[in-house]
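Hi,

Here is the structure I promised to pass on. Have a look at it first, and then read my notes below.

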Amino acid sequence: MLIFGYQIETIYLFTLIIVGCITLLYLFFSDMLDGVFEGIPFIDPAVILSFITIAAAGGFLLEKLTPLSSLYILILTCFISAVLSALIYFFLLVPLKAAEVSLAYTEDSLGGQVGKVIVPIPADGFGEVVIETVNGIISKRATGFDNEAIDYDEEVLIIEAKDGTVYVKKYDSPLQYKF
């Protein structure tokens, strides 16, 4: 079958090559383009490019390997491509976007966490504590909440954090007690 003077297999092949090259470019420059399509949830360039790539590859293979009519092949490859692209979107891209984690933290987020004293905190003075989070270990200047002294290697509960200093109290874990 001829379209625009070319065999349908040639059109599928050239479409596959061109969209493959565009996909490679998108891979390198996707961070710049993500903001353009931010407000439209189902228009994601990765999904559109995967749809066209799968359809072109399937169309080329089916034209070469099966005796089916070109119209039936086009409908079949579009259906298969739509299903696979939807699966890519819902099971790969949506979870990846939701899984983005920032390494940043706020002082307000430190309140209520448990840390360990690495530099003893004197009465009416400053020491240092480390807080283990999912993003890593944070080291902060610390002082006693009630201006009490706290020894090295004590567990502390962060009551509040402000101006780069955490205010802590000794922490007695409920798991230490036996009933």
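Predicted model: local features only at pLDDT ≥ 70, side-chain atom pairs only at ≥ 80, totals over all residues.

**Salt bridges**

With that cut-off, searching the whole structure turns up two salt bridges. One of them pairs Asp153 with Lys116, where the closest N and O atoms are 3.6 Å apart. Asp153 belongs to the loop between β5 (136-144) and β6 (155-162), while Lys116 is in strand β3, so this contact ties together parts that are 37 residues apart in sequence. Neither end is hidden away: Asp153 is partly exposed at 45% relative accessibility, and Lys116 is partly exposed at 34%.

The other one joins Asp146 to Lys169, and here the closest N and O atoms are 3.2 Å apart. This pair also links distant parts of the chain, with Asp146 in the loop between β5 and β6 and Lys169 in strand β7 (residues 165-170), 23 residues apart.

**The barrel**

Which strands make up the closed barrel, and in what order do they run? There are five of them, running β3-β4-β5-β7-β6, and the pairing is mixed. From one strand to the next, the twist averages 55°.

- β3 (residues 114-119) and β4 (residues 127-133) pair in the antiparallel sense over four bridges.
- A hairpin of two residues connects β4 to β5, and Thr133 stands opposite Gly136 in β5.
- β5 and β7 run parallel, with four bridges between them. In this pairing, Gly144 stands opposite Val168 in β7.

As a quick reminder, strands of a sheet pair through backbone hydrogen bonds, either parallel or antiparallel.

**A nonpolar patch**

On the surface there is a nonpolar patch formed by Phe79, Ile80, Val83, Leu84, Leu87, Phe90, Phe91 and Val94, with about 750 Å² of accessible area together. Val83, one of these residues, lies in helix α3 (residues 70-98). Val83 has a relative accessible area of 38%, which makes this residue partly exposed. Patch residues need over 30% relative accessible area and no salt bridge, so Val83 with its 38% is above the area cut-off.

**Cysteines**

How many disulfides does the model have? The count comes to zero, where a disulfide would need a pair of cysteine sulfur atoms within 2.5 Å. For the accessibility of the cysteines, Cys21 is partly exposed with a relative accessible area of 46%, and Cys78 is partly exposed as well, at 29%.

That is what I have for now.

Cheers

Conventions
Residues numbered from 1 in each chain as written. Heavy atoms only, no water. Buried < 20%, exposed > 50% of the residue type's maximum accessible area, 1.4 Å probe, protein only. Pairing = 2+ DSSP bridges. Axes fitted to C-alpha atoms, helices over the stretch in contact; angles between N-to-C directions. Patch = residues over 30% accessible without salt bridge, like charges linked within 9 Å, V, L, I, M, F, W, Y side chains within 5 Å. Areas by Shrake-Rupley, 256 points an atom, 1.4 Å probe, with all protein chains shown as cover. Salt bridge = Lys/Arg side-chain N within 4 Å of Asp/Glu carboxyl O.
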